[in-house]
Number of protein chains: 2
Amino acid sequence: MAEFAKAFVFDLFGTLLDVASLRTAVAEFTSEPDAFVAIWRQKQLGYAFAATSMGCYEDFDALTARALEYAARNTGVTLDPDQQRSLVRAWNVMAPFADAKACLTELRAADIACDVLTNSTVRTSMEALDHAGLAALIDTVHSVDEVRLYKPSPRAYGVVSASYRCAPDEFVFVTCNGWDATGAAEFGMRVAWCNRLGAPQETFGKAPTWTVSSLTELVPALGILAHT
Amino acid sequence: MAEFAKAFVFDLFGTLLDVASLRTAVAEFTSEPDAFVAIWRQKQLGYAFAATSMGCYEDFDALTARALEYAARNTGVTLDPDQQRSLVRAWNVMAPFADAKACLTELRAADIACDVLTNSTVRTSMEALDHAGLAALIDTVHSVDEVRLYKPSPRAYGVVSASYRCAPDEFVFVTCNGWDATGAAEFGMRVAWCNRLGAPQETFGKAPTWTVSSLTELVPALGILAHT
C-alpha cells in the first residue's frame, strides 16, 4: 500500500510551540503582556515578509530582537541589553501546545516521519524543541535560513522537498497560520491547517486540503491509520 | 542651483487619502466600522505582501475584494454581491487627508513635480484622485501593477526611477506607512515618513531621511524653498 506521505512537516512557532506563552517572560516588564506579545509577534512576521520582499535577509533571531525593540518602544517599556537578550532567549524555552506531543507520538507510531520547517534558525529551533520535550519526536529540522527567504516564498517550502528529492505533494504540511497554509498549498504541498483560533478561511490563494481545530484531530481527520 | 528633486513621489492610500474614512461606507453594515476597516486594510496589505512572496500576483482591486470578504467573515457581516461591489468602489471615492491639497499646491508652486506611486491600479488611483480633488495637482500616477510586484519590493519602487531614467536618490518618496518608508529607503530613494499616528520608528532596514507628523510640515521641514 502506498505510504500516506514521505513526511509530515510541522511549522514550529505557533503550531507546536505556543507563542502566547511568552506572556510569562514579558509580564515582568509590562502589565499588558498579551498585547505586548501580540505586537512583538506581528512585527516579527511583518519584518520577515518585508525582508523577503525587499531582498534584505536577516535571520529570524535578529528579526525577533528587532521586533522586540519595536514592541518595547510601542508600549513605552524600557529594556536594558540583558533584559532584551533574556526576552529573545524566551523563544528558545517556549511552552509547547498541550496537543503537540501526543500528535507527533501517534504519527511516529504509524511509522510516519515528522519534520519541522521553520522561519527560525536551526539552532534556536533545536533548542526550543529540546526544551519542549519534543526533540526526540522530530526527524529533521529544516530552516528557511538555508535559502535566506522566508515563508511563504515557494523557495522556503522547497527546502523540504529538495532535501528529500521528492515532489511537494509527497508531504503533508501542518501549520496554524493561515498565510503559511496558503503558501504551502500554492507550492504544491498537501496542507492541514490547524485553525486553533477559529479564524475565517483565507480568501486569497489555494485552500488547505484539510482543516482541523487542534492537533488532536489531525490523525483521525486525515484517515492516516487506514493507510498504514 | 541644483533642483531639490526630480519629483516628489507620494504614496496614495493612507498618505494622501484617508483609509479610515471608509468607516462611513462600512457603517451601513456593522456597528463597529473602525474595527472592520482595520481588519480589511490589514488583510489587504497582508495579501499584497503574500502575493509578492509567493509569486502569485493579483491586482490590488482584486485583493481589496478578497480582503473585504475576509473582514466580513471575520466580523460575521453578510454582504450580497451588490454590497460587496459598492464597498470595493468606496476606495475610488475615499476622502483626502485635510493637509494633502495644500502640500501638493505648495510643492507645485515651487516648480516641483508631484507624482504618485501606489500598490493600487492606475484606474482606481486616477478615479480616487479625481474624486478627492487632487488629480490636477499630480503629474504622473505610477503603479506597481506594471511589474506585478507590490511595495516594498525594490522593483516596485523602480517603476518610478525607470520611467524617468534617473537614479533613485533623485526622488523624495513620501509615505505614512513605516514599511513603505523602509522599502523606499532600501531602494535608495530619499524618504520623508509622514508619521501621522506617532508610531515608533521601524527597527529593521534603512531609516527615513526625514520624519514629519503631517504633510503640512513637509515643505518647511525639508527646506525645499531655500533650494528654489
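These legends accompany close-up views of a predicted model.

**Figure 1. The contact between chain A and chain B.** In this view, 30 residues of chain A are in contact with 30 residues of chain B. About 2700 Å² is buried between chain A and chain B, and carbon and sulfur atoms give 64% of that area. On the side of chain A, the residues that lose the most area to chain B are A:Met54, A:Thr203 and A:Phe204, which together make up 31% of what that side buries.

**Figure 2. Polar links between chain A and chain B.** Ten residue pairs are in polar contact between chain A and chain B, both residues being at pLDDT 80 or more. Three helices of chain A, namely helix 2 (33-54), helix 3 (60-75) and helix 8 (178-187), are the elements that give two or more residues to the side touching chain B. Helix 2 of chain A gives the most, with nine residues. By residue type, the side of chain A that touches chain B divides into 14 nonpolar, nine polar and seven charged residues. The count of salt bridges between chain A and chain B is two. A salt bridge joins the side chains of A:Lys43 and B:Glu202, with an N to O distance of 2.9 Å.

**Figure 3. An aromatic pair in chain A.** Over all chains, the whole structure holds 25 aromatic pairs. A:Trp40 and A:Trp91 form an edge-to-face pair, with 5.8 Å from centre to centre and 80° between the planes. A:Trp40 belongs to helix 2 of chain A, while A:Trp91 belongs to the loop between helix 4 (81-89) and helix 5 (100-109) of chain A, so the pair ties together parts that are 51 residues apart in sequence. A:Trp40 counts as buried because its relative accessibility is 0%, below the cut-off of 20%. A:Trp91, at 3% relative accessible area, is buried as well. Together with A:Phe13 and A:Phe36, A:Trp40 and A:Trp91 form one aromatic cluster.

**Figure 4. The surroundings of A:Lys151.** A:Lys151 is found in the loop between strand 3 (141-143) and helix 7 (154-164) of chain A. With a relative accessible area of 2%, A:Lys151 is buried. A polar atom of the A:Lys151 side chain lies 3.0 Å from the backbone oxygen of A:Leu117. Leaving aside residues up to four places away in sequence, A:Lys151 touches a set of residues that includes A:Asp11, A:Thr118, A:Asn119 and A:Asp180.

Technical notes:
Residues are numbered from 1 along each chain as its sequence is written. Chains are lettered from A and ligands numbered from 1 in the order in which they are written. This is a predicted model: local features need pLDDT of at least 70, side-chain atom pairs count only at pLDDT 80 or more; totals for chains, interfaces and linings use all residues. Side-chain values use heavy atoms; hydrogens and water are left out. Contact means heavy atoms within 4.5 Å. Buried area is the accessible area (1.4 Å probe) that two parts lose on being put together, summed over both. A salt bridge is a side-chain nitrogen of Lys or Arg within 4 Å of a carboxyl oxygen of Asp or Glu. A polar contact is a pair of N or O atoms within 3.5 Å; within protein, one must be able to donate a hydrogen and the other to accept it, and residues adjacent in sequence count only if both atoms are side-chain atoms. Helices (H or I, at least four residues) and strands (E, at least two) are DSSP runs, numbered from the N terminus. Ala, Val, Leu, Ile, Met, Phe, Trp, Tyr, Cys and Pro count as nonpolar, Asp, Glu, Lys and Arg as charged, and the others, Gly among them, as polar. Rings of Phe, Tyr and Trp (its six-membered ring) pair if their centres lie within 6.5 Å; planes under 30 degrees apart count as stacked, over 60 as edge-to-face and the rest as tilted. Buried means under 20% relative accessible area, exposed over 50%, partly exposed in between (1.4 Å probe, protein chains only).
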